[in-house]
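Hello,

Here is the structure I promised to pass on to you. Have a look at it first, and then read my notes below.

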Amino acid sequence: MAPSGPVNSERVRRGLAHVRRRYGEPRLAANLERRAGYFAGDDAERLASLELALRDEQAHVIWAARGGFGATRLLGRLDPALLERPKLLVGFSDVSALLCWAWTRARVPSIHGPVIGQLNELHEDDRQRLWALLEGELPEPLCANEHSASLHGGRVEGRLIASNLEVLRSLIGTPHMPSLNGAILALEEVGERPYRVDRALTQLLDSGSLRGVAGVVVGDLHGCEEPEHGGSRGWTAAEVLDDRLGRLGVPVLLGLPFGHAPGRNAALGFGVLARLDADQGALEQLEPVALGEAT
């Protein structure tokens, strides 16, 4: 389904071919090809499609076709009772708002991972990791790339909460903001200049949202560099992360391969127990994504 922005029909068609080969014919939401401004249909249409999917007793997975913008507009109108028969939500970027809603309202875990429109362009390793998570298996530990950096070393365990940075910031002060006390926070972002990354992280810090966080991993910050002006520049996104997150005094690891980078987006279990080893540059999931079992 499309809970946020309008989809690229060709990319979704190619992505659905991978789903069909693996799992058979999926149901398609009525709003999948709708467009209303920068939404896949107006709020009422997107809400109706999402509610129908959550009520569908034969559906096990609700998979976002793309991100974009608009999921947060639906959260206050969604009835948490729809999660009494939980479904596995799959998506990232703007869709991370729905993952946070499911976790805060009913402790329902999800998969922070590729949307349908990405599947055909995805590295095969990331597709295989996604299938493993969907099928209740433990994925291989996720290792940082050659450009990774540890802002603060150490090894910790906690529930993994994964989100787009700007989406998470927008949930502060709402009932949909997940508690990060004791959690490992995974963040990614796209198209935000360093000063906006700074602003979002500062709000998370000043609001107390990061109080008690066990550790932080940062994935791709795609297109988040500052353009040069007359040969001079401000801080890079990495320098902002060092300044803002380095003060937490908990393990912080940069450079994990999830987010908006072309061709790469490693899936992460949302709400599952995980281990972060910032010294070794690895994030390990310790339990499968299993509905109804998270505590």
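Four strands make up an open sheet with the order E1-E2-E3-E10 and mixed pairing. Its edge strands are E1 and strand E10 (268–270), each of which pairs on one side only. On average, neighbouring strands of this sheet are turned by 25° against each other, direction ignored. Axes here are lines fitted to C-alpha atoms, for helices over the stretch in contact, and angles run from 0 to 180 degrees between N-to-C directions. Two strands count as paired if DSSP finds at least two bridges between them. Helices (H or I, at least four residues) and strands (E, at least two) are DSSP runs, numbered from the N terminus.

Before going on, please note that this is a predicted model, in which local features need pLDDT of at least 70 and side-chain atom pairs count only at pLDDT 80 or more, while totals for chains, interfaces and linings use all residues. Residues are numbered from 1 along each chain as its sequence is written, and side-chain values use heavy atoms, with hydrogens and water left out.

Strand E3 (residues 110–112) and E10 run antiparallel and are joined by 3 bridges; His112 has Leu268 as its bridge partner in E10. H4 packs on the sheet, where it touches strand E2 (88–91), E3 and E10, and its direction makes about 150° with that of E3. Contact means heavy atoms within 4.5 Å.

Most residues other than glycine have a negative phi. Ser93, in the loop between E2 and H4, has a positive phi of about 60° although it is not a glycine. Arg107, in the loop between H4 and E3, also has a positive phi, near 55°. Ser93 counts as buried at 10% relative accessibility, whereas Arg107 is partly exposed with a relative accessible area of 39%. The cut-offs are under 20% relative accessible area for buried, over 50% for exposed, and in between for partly exposed (1.4 Å probe, protein chains only).

**Helix H2**

What span should helix H2 have at 1.5 Å a residue? The 13 residues of helix H2 (residues 43–55) should span 18 Å, and this agrees with the end C-alpha atoms, which are 18 Å apart. The expected span is 1.5 Å times one less than the number of residues. At the start of H2, a side-chain oxygen of Asp42 comes to within 3.2 Å of the backbone nitrogen of Ala44.

The buried residues of H2 include Leu47, Leu50, Ala53 and Leu54, and also Asp43, Arg46 and Glu51. The buried residues of this helix pack against strand E1 (61–63), helix H3 (72–75) and helix H4 (96–106).

The UniProt record, an unreviewed entry, places the annotation "domain: LD-carboxypeptidase N-terminal" on residues 1–113; UniProt positions are given in the numbering used here, feature names are shortened, and annotations may be inferred rather than shown by experiment. Over residues 1–113 the chain is 38% helix and 9% strand, with its end C-alpha atoms 15 Å apart.

**The eight-stranded sheet**

There is also an open sheet of 8 strands, in the order E4-E12-E11-E6-E7-E8-E9-E5 and with mixed pairing. Strand E4 (142–143) and strand E5 (149–152) are its edges, each pairing on one side only.

Strand E6 (residues 155–164) and strand E11 (residues 273–277) pair in the antiparallel sense over 5 bridges. Within E11, Arg275 is the bridge partner of Glu157 and Ala274 that of Gly158. E11 is mostly covered, with 4 of its 5 residues buried.

E11 also pairs with strand E12 (residues 282–285), in the antiparallel sense over 4 bridges, and Asp277 stands opposite Ala282 in E12. These two strands, E11 and E12, form a hairpin with 4 residues between them, and Gly281 in the turn has a positive phi of about 70°.

**Two buried loop residues**

His176 sits in the loop between helix H6 (165–170) and strand E7 (184–190), and counts as buried at 7% relative accessibility. Leaving aside neighbours within four places in sequence, His176 is in contact with Leu75, Gly76, Cys100, Trp101, Thr104, Arg105 and Leu171.

Thr236 lies in the loop between strand E8 (215–222) and helix H8 (237–245). Thr236 is buried, with a relative accessible area of 19%, and touches Pro194 and Glu225, not counting residues up to four places away in sequence.

Best wishes

How values were computed
Polar contact = N/O pair within 3.5 Å; in protein donor to acceptor, adjacent residues only side chain to side chain.
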